[in-house]
Amino acid sequence: MTELVHPRQALFDPDELVAPALPVCDHYSGVEARMRKSLALQAELGPIFDVTLDGEDGAPVGGELEHAELMAELVAGPDNRYGRVGIRLQAIDHPRFEQVAELVVGRVGARLAYLMIPKPRGLADFERAAAVVDEAARRHGLARTIPLHAMVETHGALREVQALAAHPRVESLSFGLMDFVSAHRGAIPQSAMGVEGQFEHPLVLRAKLEIAAACHGWGKVPSHCVVTEFKDEKAIAAAAEKAARRLGYTRMWSIHPSQIRPIVDAFAPTTAEVDQAIEIVFAAQAAGWAPIRHRDTLHDRASYRYFWQVLERAHQTSARDGAQLPAEVRRAFFADA
């Protein structure tokens, strides 16, 4: 009997750039009550979303170090059950950047899922921030390299988005809609910050597409920006579907707990897509990954890769109970996850 080869071994070159399997939703909170609520919700639902504790906009002016102490306490606490909690630092030029980075790396560097670097004006700013983080890790004897995420929200960062995506310390790039629009000094109207306008204005769309393309080209995760109309669940669902289906994003920000489930659902494949992927991947595996005919359509390794990625997305978006995947699929392909 021929041994069945797992899709990861059969379909991908070991040296190929493959994006990390991050949760599809990145939930931001900066006020203490909301940070605690976000962690409790993650503990309840499972790691289908990340929690980013906000040390930039969430920190009171003059109280950055006290806020950093609180964030470190939460990362170290019992509600961080899955190790999927990150922290957004201040911009590299903020007078407290080095102190806050030193504090959180020293206290909870071993448990941080990532650190978010906001407002780099280009590759040089990101590299300065990474050097500060890595030097703090060295001083504290940290055995791991902390993953770094960065925001593309300045003209310089967008100009150098390919270099940012190529940087080995980058795991994900996020689009910072509000700061990007503001950086145009009124040339882009306020409507482009809204749930509809951000998918219509050419300069905003260009930025989103360049970020997504750079990330996919370098094996990084593109993370879509916020929807500020947080009470409109239909709006967030529609925006998330456009981000995932039309613009190629594989992750999206949430700024209110009510946005988490619509984002996760929008980024999950449909039941029909999952059923088709299961049929094709199992048939391909049985055929030793040679070409097959499925419902009068030819499939080979190129399409197998696509359908395998559908199953991976289904697994990512139902991480706690695997609800979207039948038990035999979870046993066959995700027993080690």
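## Strand E8

Arg251 and Trp253 point one way from E8, while Met252 and Ser254 point the other way. All four are buried, meaning under 20% relative accessible area, where exposed is over 50% and partly exposed lies in between (1.4 Å probe, protein chains only). In a regular strand, side chains alternate between the two faces of the sheet. Strands (E, at least two residues) and helices (H or I, at least four) are DSSP runs numbered from the N terminus.

The model is predicted: local features need pLDDT of at least 70 and side-chain atom pairs count only at pLDDT 80 or more, whereas totals for chains, interfaces and linings use all residues. Residues are numbered from 1 along each chain as its sequence is written, and side-chain values use heavy atoms, with hydrogens and water left out.

## The barrel

Which strands close into a barrel, and in what order? The 8 strands follow the order E1-E2-E3-E4-E5-E6-E7-E8, and the pairing is parallel. Two strands pair if DSSP finds at least two bridges between them. From one strand to the next, the twist averages 30 degrees.

Strand E7 (residues 221-224) is joined to strand E8 (residues 251-254) by 2 bridges, and the two run parallel. Ser223 stands opposite Arg251, and His224 has Met252 as its bridge partner. E8 is also joined to strand E1 (residues 25-29), again in parallel, by 3 bridges. There, His27 stands opposite Ser254.

Contact means heavy atoms within 4.5 Å. Axes are lines fitted to C-alpha atoms, for helices over the stretch in contact, and angles run from 0 to 180 degrees between N-to-C directions.

Helix H4 (residues 97-108) packs against H5 at an angle of about 40 degrees, with the axes 9 Å apart. H4 and H5 are therefore oblique to each other; angles under 35 degrees count as roughly parallel, over 145 as roughly antiparallel, 65 to 115 as roughly perpendicular and the rest as oblique. Residues in this contact include Phe97, Ala101 and Val105 of H4 and Val132, Val133 and Ala136 of H5.

## Helices H2 and H3

Helix H2 (residues 32-45) and helix H3 (residues 64-76) have axes that come within 11 Å and cross at roughly 15 degrees. H2 and H3 are therefore roughly parallel to each other. Glu32, Met35, Arg36 and Leu39 in H2 meet His67, Leu70, Met71, Glu73 and Leu74 in H3.

## Nonpolar cores

A nonpolar core is a set of buried Ala, Val, Leu, Ile, Met, Phe, Trp, Tyr and Cys residues joined through side-chain atoms within 4.5 Å. The largest one has 78 residues, of which Leu89, Leu115 and Leu173 touch the most other members. Its largest share, 8 residues, comes from helix H5 (residues 123-139). Leaving aside neighbours within four places in sequence, Leu89 is in contact with residues including Phe97, Leu115 and Val133. A second, separate core of 21 residues includes Val281, Ala284, Ala314 and Val329.
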